[in-house]
Amino acid sequence: QKDEWEKLKTAETLSKDGVHHTIAANIGTPQDIQAVLDNGAEGIGLFRSEFLYMNSAELPTEDEQFEAYKSAVSKLDNKPVVVRTMDVGGDKKLPYLPLPAEMNPFMGYRAIRISLDRDDIFRTQLRALLRASNFGNLWIMFPMIATLDEFRAAKAIYNEERQKLIDAGQKVGDIKLGIMIEIPAAAVLADQFAKEVDFMSIGTNDLIGYSMAADRTNERVSYLYQPYNPAILRLIKHVVDSAHKEGKVAAMCGEMAGDQIAVPLLLGMGLDEFSMSATSILKTRLLFKELDSKKAAKLVEKALQAQTNDEVKNMVEEAMDSLK
Ligand code: PEP
Ligand code: MG
């Protein structure tokens with residue numbers, strides 16, 4: 001039993017019928033990297049760069065950030081590391097960057113909205129990332145993208161900083177640029193985003209909350225936090241299909257990616273990368289080994305026609321044995 005667990009750490013993530021999917025890890029700080037390696041992740045699908053800003057008394061300098069990103073990509077030994085640019089605001093506050101009091105901080109000034117407004121902060125982060133890209137396989141992801149204009153504006157700033165470094169005689173790696181899909185408007189237009197980004201990663205924690213207009217930390221409405229609601233499943237399917245139509249990577253880095261009920265559905269949709277907390281990796285890899293992707297795809301067709309979250313949940317639970 002223990003041997004089998006050990007073997008799983010270095011095993012490929014294959015479904016029963018031999019289809020490969022990537023299992024990556026979510027991390028908050030570089031201290032999490034050891035657990036990622038110990039559990040055999042095939043990369044880091046979400047590096048929440050906020051820690052650099054939140055664990056600091058002032059804005060982290062370019063060099064401080066460079067060292068942190070460099071250390072992460074070096075440790076991952078050429079496996080992809082997706083660094084998400086600063087996602088503060090909402091409930092994440094920075095003492096040295098006073099944000100205005102807002103009625104709805106989760107719908108307010110946060111993440112890419114701050115980065116585009118305070119492009120001085122954003123450019124510093126991008127330069128650090130560009131420099132670190134020479135030491136491994138670094139991808140950059142923008143959080144809370146709502147519109148194509150935002151992505152284009154972020155990409156334009158990235159390209160300017162990239163060019164400046166090149167003009168100054170510095171080398172930069174080949175970086176993939178992507179976005180988080182966590183705002184429903186972006187999920188709906190995923191077909192258009194897919195033409196312009198290198199990859200999309202679905203942030204179900206926020207996507208479910210915004211789609212259902214329900215805050216899961218509010219007990220009175222937490223019943224509306226429904227990952228298997230067919231409305232959510234249809235959005236996810238649209239994102240995955242849109243990415244594939246353009247030959248782009250479809251990933252997920254919200255909690256749902258490691259949810260044992262959701263995994264058969266996501267496998268059936270053909271999601272490429274599942275990024276989760278390190279502790280979920282091995283059990284998910286084991287689950288993959290037991291599931292047939294074609295049977296899972298059939299189940300998805302049924303689930304998309306269901307009406308409620310519970311209906312889908314029961315459907316998956318009942319089908320679990322026949323998916324094997
Ligand atoms: C998400 O929204 O699903 C996500 C991964 O981002 P965070 O949990 O950091 O908001
Ligand atoms: Mg989010």
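This is a predicted model: local features need pLDDT of at least 70, side-chain atom pairs count only at pLDDT 80 or more; totals for chains, interfaces and linings use all residues.
By class, the shell around ligand 1 comprises two nonpolar, four polar and four charged residues. The residues around ligand 1 are L46, R48, D87, E182, G203, T204, N205, D206, C253 and G254. Two elements each contribute two or more residues to that shell, namely β2, residues 44-48, and α10, residues 204-212. Of these, α10 gives the most, with three residues.

UniProt, in an unreviewed entry, places the feature "binding site" at E182 and D206. These positions span 25 residues in sequence, yet no two of their C-alpha atoms are more than 5.4 Å apart, so they gather at one spot.

Let me take E182 to begin with. E182 lies in the loop between β5 and α8, the latter covering residues 184-188. Is E182 buried or exposed? E182 has 26 other C-beta atoms within 10 Å, and because the threshold for a buried residue is 20 or more, E182 is classed as buried. Leaving aside residues up to four places away in sequence, E182 touches M144, G203, D206 and L207. D206, then, is one of the contacts of E182, and D206 itself is found in helix α10. D206 has 21 C-beta neighbours inside 10 Å and therefore also counts as buried.

I turn now to the fold. A closed barrel of eight strands runs β1-β2-β3-β4-β5-β6-β7-β8, with parallel pairing. From one strand to the next, the twist averages 25°. Helix α13, residues 281-290, packs on the sheet and touches β1, residues 22-27, and β8, residues 273-276. The direction of α13 makes about 160° with that of β1.

We may follow part of the barrel strand by strand. β2, which also contributes to the ligand shell, pairs with β3 in the parallel sense over three bridges. In this pairing, I44 has V81 of β3 as its bridge partner. β3 in turn is joined to β4 by five bridges, again in parallel, and here R84 is partnered by M141 of β4. β4, residues 137-142, and β5, residues 176-181, run parallel and are joined by four bridges; the partner of I140 in β5 is L177.

How many of the residues of strand β3 are buried? Five of the five, residues 80-84, are buried, so β3 is largely enclosed by the rest of the structure. As a general point, side chains in a regular strand alternate between the two faces of the sheet. In β3 both faces are covered, with P80, V82 and R84 buried on one side and V81 and V83 buried on the other.

Strand β7, residues 249-252, likewise has both faces covered. On one side V249 and A251 are buried, and on the other A250 and M252 are buried. Four bridges join β6, residues 199-202, to β7, and the two run parallel; F199 finds its bridge partner in V249 of β7. β7 is joined to β8 by two bridges, also in parallel, where M252 is partnered by F274 of β8.

To conclude, I return to the ligand. The shell around ligand 1 includes E182 and D206, the positions at which the UniProt record places its "binding site" feature. E182 is buried, and D206 is buried as well.

Terms used. Residues are numbered from 1 along each chain as its sequence is written. Chains are lettered from A and ligands numbered from 1 in the order in which they are written. A residue is near a molecule or strand if its C-beta atom, placed from the backbone, lies within 6 Å of it. Ala, Val, Leu, Ile, Met, Phe, Trp, Tyr, Cys and Pro count as nonpolar, Asp, Glu, Lys and Arg as charged, and the others, Gly among them, as polar. Two strands pair if DSSP finds at least two bridges between them. Axes are lines fitted to C-alpha atoms, for helices over the stretch in contact, and angles run from 0 to 180 degrees between N-to-C directions. Two residues are in contact if their C-beta atoms, placed from the backbone, lie within 7 Å. UniProt positions are given in the numbering used here, feature names are shortened, and annotations may be inferred rather than shown by experiment. A residue is buried if 20 or more other C-beta atoms lie within 10 Å of its own, exposed if 12 or fewer, and partly exposed in between; C-beta atoms are placed from the backbone.
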